[in-house]
Amino acid sequence: MTKTIAIHRQEQVRSATESCVHFGFCTAVCPTYVLDGEELDSPRGRIALARDMLSSNAPPSATAIRHLDRCLSCLSCETTCAAGVSYREIIDGARQYIEQSRVRPLTQRLLRWLVARVLTTPALLRPALKISRACQGLSRLLPASLGTMVQLADAPALKAFAPRNIPPTPAAPPSTRRVALLTGCVQSVLGAEINASAERLLARHGIAVEPMPDVQCCGALELHMGKRDDAVQHMKRTVRLWSNALKTGRIDAIVNTTSGCGSVIKHYDAMLSDHPELSSDVRRVIDATVDITEIAATLPLSTDGAALGLVVSYHDACSLKHGLRLERPPRRVLNNLGIETLDIAESHLCCGSAGTYNILEPEMSARLGQRKAAHAQANQPDVIAAGNIGCLVQISRYTAVPVAHTVQLLDWATGGPCPRGLENFQPRTPAVPDSQALAPEPAAATADNGDFLW
């Protein structure tokens, strides 16, 4: 049965490659093509490689593996494509085919297994982080990917996101909502302060966070590495746990502060289409999942003045911009609190983090990270902000400007603690924001009983 499903999926992906009509709009927005102008590192080049590979049923060539691996899965091409090509389906399917072919050298297979295993298991990631920090002096002596893993442990952003001894904010009485917060397998270890900021912001506005420790990994990381079967197991477990909590009224919504996870969760229906017994549960989870800025845009936020006039270089994480198509809500909620948001040049280009990309493709990733950081700091901001931890870790490696997650700024502006690196900021008269950016957010839809439907 499993083999039949795999063959059917392979044919679906191969069929999707036929929809590419080579308009070429995608080349201008593809980060790897922009860097080097290599056709096989463009979306249409990779689609051609995937089509030939899947049609042949033969082991993938070294050329196909190299150029398909170098894709960031940023989906900038998909949002630009005039023909509506589902590039997400193609690249994930092609990578699954490569992984199942088992043609990589043993050392690469072991590395990829190690990366996937450690990053999706907090109990392993915590000691790995400590070991990496203790081995900083040896990072340049290690093979490229292992050396990068060690170097990432010392990224400035991780110091900014470390947990702090700040008393939790009690939910404003009465607590009108209960939500689940996706803490994330990686973010739960590397970004504790991001999750704490989200909890404080929600609690301050009468929304309590229901602990769900059994939910950790959404499957996104393994999916993008071609390990679809492992990803699906995580997805099935997550869907069952969340759906049960929603059905029983334990929670009303699922709040996401890791946009890379949110982008995949919103496509669980396609990922779990081979499991019709879960279809109603999947739909319930998809409909209930929202990004933290979508909820924030519906709340009566008011500033305490601490962040007035803060100038932010706002980086659109690819998973927010292209995956979730959310560009205005983050800017709007920040602007409404007297924070000035500035766009970054080449905002459509990926920063080079892309899940495990900065580990597995360190050379290309570094070039993209340096390019993104240079554009971000050219605005001369007080801080660089984004809605995804991976982007912030990546950018912080190439700039001295502080970085912060969007929710940290929202928390600070409404009474929470100052993000690390901004302790010396002095409030100032904010620039007059764009009138459209400050347009009132549409009122949240309500059910018959008056409850919010996020």
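In what order do the strands of the open sheet of 4 strands come? Keep that in mind while I say that this is a predicted model. The order is β6-β5-β7-β8, and the pairing is parallel. At the edges are β6, residues 340–343, and β8, residues 403–405, and each of these pairs on one side only. From one strand to the next, the twist averages 35 degrees.

For anyone new to sheets: strands pair through backbone hydrogen bonds, either parallel or antiparallel.

Let me take one pairing in detail. If you want a residue to look for, take I384, whose bridge partner in β8 is V403.

Now the helices that go with this sheet. Helix α20, residues 328–336, packs on the sheet and touches β5 and β6. The direction of α20 makes about 145 degrees with that of β6. Helix α24, residues 406–413, lies across β5, β7 and β8. Relative to β8, helix α24 runs at about 85 degrees.

How many aromatic pairs does the structure hold? It holds 1. The partners are W412 and F425, in an edge-to-face arrangement, with 5.9 Å centre to centre and 75 degrees between the planes. W412 lies in helix α24, whereas F425 is in the loop between α24 and β9, so the pair ties together parts that are 13 residues apart in sequence. Both W412 and F425 are buried.

Next, a cysteine. Where is C185 found? It sits in the loop between β1, residues 177–182, and α11, residues 187–190. Is C185 buried or exposed? C185 counts as buried because its relative accessible area is 9%, and the cut-off for buried is under 20%. Leaving out residues up to four places away in sequence, C185 touches L119, T120, P122, L125, Q216 and C217. As for N244, C185 is 59 residues from it in sequence and 21 Å from it in space, C-alpha to C-alpha.

Last, helix α3, which takes in residues 43–56, 14 residues in total. From its first C-alpha to its last, α3 reaches 20 Å, close to the 20 Å expected at 1.5 Å a residue. Its buried residues include P43, I47, L49, M53 and L54. Two arginines, R46 and R51, are also among the buried residues of α3. After α3 comes N57, which has a positive phi, near 60 degrees.

That is what I have for today.

Definitions and conventions
Residues numbered from 1 in each chain as written. Predicted model: local features only at pLDDT ≥ 70, side-chain atom pairs only at ≥ 80, totals over all residues. Heavy atoms only, no water. Expected span 1.5 Å × (residues − 1). Buried < 20%, exposed > 50% of the residue type's maximum accessible area, 1.4 Å probe, protein only. Contact = heavy atoms within 4.5 Å. Pairing = 2+ DSSP bridges. Axes fitted to C-alpha atoms, helices over the stretch in contact; angles between N-to-C directions. Phe/Tyr/Trp six-rings, centres within 6.5 Å; stacked < 30°, edge-to-face > 60°.
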